[in-house]
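This report describes selected features of the structure shown below. Please consult the sequence and the structure together while reading.

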There are 2 protein chains.
Amino acid sequence: MNLSTRPLFARVALLGMGLIGSSIARAARVRGGLAGEIVAHAKTGRTLARVAELGIADRIESDATLAVQGADCVILCAPVGAYAELAATIGPHLAPGAILSDVGSTKQSVIRDVGPHVPPGVHFIPAHPLAGTEYSGPDAGFAELFENRWCLLTPPPGTDANCVARLEQFWRGLGSMVSITDPAHHDRVLAIVSHLPHLLAFTICGTADDLADETRQEVLQFAATGFRDFTRIAASDPTMWRDVFLNNREALLEMLARFTEDAQAMARAVRWGDEAYIEDKIRRGRKIRQSLIELKQA
Amino acid sequence: MNLSTRPLFARVALLGMGLIGSSIARAARVRGGLAGEIVAHAKTGRTLARVAELGIADRIESDATLAVQGADCVILCAPVGAYAELAATIGPHLAPGAILSDVGSTKQSVIRDVGPHVPPGVHFIPAHPLAGTEYSGPDAGFAELFENRWCLLTPPPGTDANCVARLEQFWRGLGSMVSITDPAHHDRVLAIVSHLPHLLAFTICGTADDLADETRQEVLQFAATGFRDFTRIAASDPTMWRDVFLNNREALLEMLARFTEDAQAMARAVRWGDEAYIEDKIRRGRKIRQSLIELKQA
């Protein structure tokens with residue numbers, strides 16, 4: 001038995017074929033050796049039809065229970081708010097020994113929603129590839145999406161180490177770097193790194209949209225660099241982000257509270273002309289940017 | 001007399017040679033016909049020495065009063081907080097008939113700080129090119145910075161129309177689109193389009209930096225798209241942005257207050273699981289993004 005002739009997984013079922021699901025399908029095919037067969041399921045016929053047109057899966061399956069049958073790796077790629085129902089539906093049909101994973105941006109909620117539906121003998125290993133763009137849908141995916149990006153695995157205590165190693169190998173095969181972390185810690189870090197920035201971006205777009213008509217027109221006309229970067233973030237998928245916010249509620253609200261305190265302190269410094277305070281905050285921003293560059297994540 | 005042989009201005013003096021000043025110098029030279037001679041002044045000898053090395057000005061001048069002598073166009077390119085002192089210094093040395101302009105991100109403060117030092121016979125026309133990057137200093141400039149970007153002029157009532165037309169021609173010559181607007185309106189629009197986004201970006205970097213050491217390390221390690229875009233904004237020049245915040249205080253604080261109300265409303269929706277509210281806000285962000293793309297500013 002040789003890895004070069006036998007793929008890592010005989011059949012990978014992807015439930016959800018948006019940006020992430022369709023990128024996994026593309027990357028697995030381009031890179032080879034990872035999936036003998038890729039079965040794609042999506043909630044809407046329209047998405048499935050488009051996946052068929054794109055030809056990025058070996059088989060499309062409108063029935064999720066049929067999609068997972070016989071698959072030794074099943075990956076939930078739907079918005080996290082859909083996981084509970086999806087897991088309840090597919091749970092009884094998962095193959096013994098299969099790995100059940102996901103790509104959701106929140107991990108404690110996934111363990112809460114999916115965990116109870118995982119039958120004995122199925123290995124549940126939540127995962128989160130830190131990769132994405134502001135586009136969504138099966139056309140938005142591309143094979144290089146995961147290259148040199150982190151994928152975080154949050155296996156529950158006692159998970160079979162060989163299965164964790166196989167899933168890690170899968171993500172490394174897609175081009176990712178892999179790290180194993182605690183789900184609560186994951187949710188806290190992601191709240192400040194990703195979820196709060198998106199919440200702020202959506203909010204400022206709304207604030208601008210509420211301005212008087214004349215001003216709003218000029219806001220659009222004169223949108224400078226700062227606002228354009230915000231709107232790029234803000235153009236992401238509404239359902240996915242709604243679900244992320246609601247499923248990482250505690251950490252997100254805590255980070256927002258910290259941020260709001262800091263923003264109010266900055267407002268006070270601006271009001272009272274505290275030059276040293278303002279400069280210090282700006283310099284810290286530059287320092288963080290510099291650290292990011294040094295970590296080659298910039 | 002022919003424009004092809006005689007430049008628009010015989011001598012342009014640039015006071016400040018950072019990103020914007022050095023880009024004006026480069027663009028004027030590359031595009032031609034705009035400045036017979038470019039005189040560069042900067043506060044520090046280090047910047048001036050670098051400008052000399054780069055060879056982007058015809059003459060460098062460490063004394064601002066000598067830099068403006070005989071110039072028919074003088075442009076302040078320093079942080080706006082330095083304008084009052086700079087204007088007081090150069091005012092008595094400005095040539096009769098000269099145009100005095102600037103590139104500052106706030107316009108009411110510039111009129112307040114510079115206006116009183118403008119001698120009779122000198123034409124004061126504040127300007128603001130909506131162009132920039134997160135880099136600063138003379139090496140950061142490039143000749144294409146202003147291409148297809150707006151430059152806003154805010155001439156005081158009664159300004160000589162021919163002089164406004166000449167300055168407009170200068171900016172169009174640098175590649176910009178030009179619009180004439182009211183200074184108070186300018187400050188309000190820029191507060192939401194640019195100043196508030198930068199304040200939020202600086203703030204979130206500080207919030208992240210305050211996290212416990214272990215989390216902070218992972219924040220840097222796993223910085224996802226959202227945070228990276230924020231830090232890109234946040235890496236801008238500290239002195240420039242400190243001055244912008246302090247010199248557009250009222251509009252910035254008003255926009256921050258509106259934004260904070262909106263962020264709190266979003267926090268409440270997250271806490272209470274108001275899916276419709278969250279989705280609506282996200283969709284508005286997408287709508288604004290779409291409008292930006294349609295206006296070809298994206």
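## Strands S1 and S2 of chain A

In this predicted model, strand S2 (residues 35-41) of chain A is largely enclosed by the rest of the structure, because 5 of its 7 residues are buried. Strand S1 (residues 9-15) of chain A runs parallel to S2(A), and 6 bridges join the two. Within this pair, Leu15(A) is placed opposite His41(A).

## The sheet of chain B

In chain B, 6 strands make up an open sheet with parallel pairing, in the order S3-S2-S1-S4-S5-S6. Its edges are strand S3 (59-60) and strand S6 (123-124) of chain B, each of which pairs on one side only. Strand S1 (residues 9-15) and strand S2 (residues 35-41) of chain B pair in the parallel sense over 6 bridges, and Leu15(B) faces His41(B) of S2(B).

Strand S4 (residues 73-76) of chain B runs parallel to S5(B), with 4 bridges between them; here Cys73(B) stands opposite Ile99(B). How do the residues of strand S5 (residues 99-102) of chain B point, and are they buried or exposed? Ile99(B) and Ser101(B) point one way, Leu100(B) and Asp102(B) point the other way, and all are buried.

## Two loop positions in chain B

Ala71(B) belongs to the loop between helix H3 (64-68) and S4 of chain B. This residue has 26 other C-beta atoms within 10 Å and therefore counts as buried, the cut-off being 20 or more. Leaving aside residues up to four places away in sequence, Ala71(B) touches Arg11(B), Val12(B), Ala13(B), Val39(B), Ala95(B) and Ala98(B).

Lys43(B) is located in the loop between S2 and helix H2 (45-54) of chain B. Lys43(B) is partly exposed, because 16 C-beta neighbours lie inside 10 Å. From Lys43(B) to Val189(B) there are 146 residues in sequence and 30 Å in space, C-alpha to C-alpha.

## Helix H6 of chain B

Helix H6 (residues 161-173) of chain B has 13 residues, which at 1.5 Å a residue should span 18 Å; the end C-alpha atoms are 18 Å apart, in agreement with that expectation. Which residues of H6(B) are buried? They are Cys163(B), Leu167(B), Phe170(B) and Trp171(B). Viewed down the axis of H6(B), the buried residues fall within an arc of 95 degrees, so they line one face of the helix. An α-helix has 3.6 residues a turn, so residues three or four places apart point the same way.

The other side of H6(B) carries the exposed residues Ala161(B), Asn162(B) and Ala165(B). Just after H6(B), Gly175(B) adopts a positive phi of about 110 degrees.

## Asn148 in both chains

Most residues other than glycine have a negative phi. Asn148(A), which is not a glycine, has a positive phi near 60 degrees. Asn148(A) sits in the loop between strand S7 (127-129) and strand S8 (150-153) of chain A and is exposed, because 11 other C-beta atoms lie within 10 Å.

In chain B, Asn148(B) likewise has a positive phi, of about 60 degrees. Asn148(B) is found in the loop between strand S7 (127-129) and strand S8 (150-153) of chain B. With 11 other C-beta atoms within 10 Å, Asn148(B) is exposed.

## The contact between the chains

Chain B contributes 77 residues to the contact and chain A contributes 77 residues. On the side of chain B that touches chain A, the elements giving two or more residues are helix H7 (183-209), helix H8 (213-221), helix H9 (225-234), helix H10 (238-247), helix H11 (249-272) and helix H12 (275-294) of chain B. H7(B) supplies the largest share of this side, 19 residues. By residue class, this side of chain B comprises 43 nonpolar, 16 polar and 18 charged residues.

Note on methods: Residues are numbered from 1 along each chain as its sequence is written. Chains are lettered from A and ligands numbered from 1 in the order in which they are written. This is a predicted model: local features need pLDDT of at least 70, side-chain atom pairs count only at pLDDT 80 or more; totals for chains, interfaces and linings use all residues. Two strands pair if DSSP finds at least two bridges between them. Two residues are in contact if their C-beta atoms, placed from the backbone, lie within 7 Å. Ala, Val, Leu, Ile, Met, Phe, Trp, Tyr, Cys and Pro count as nonpolar, Asp, Glu, Lys and Arg as charged, and the others, Gly among them, as polar. The expected span of a helix is 1.5 Å times one less than its number of residues. A residue is buried if 20 or more other C-beta atoms lie within 10 Å of its own, exposed if 12 or fewer, and partly exposed in between; C-beta atoms are placed from the backbone. The arc is that of the directions from the helix axis to the C-beta atoms.
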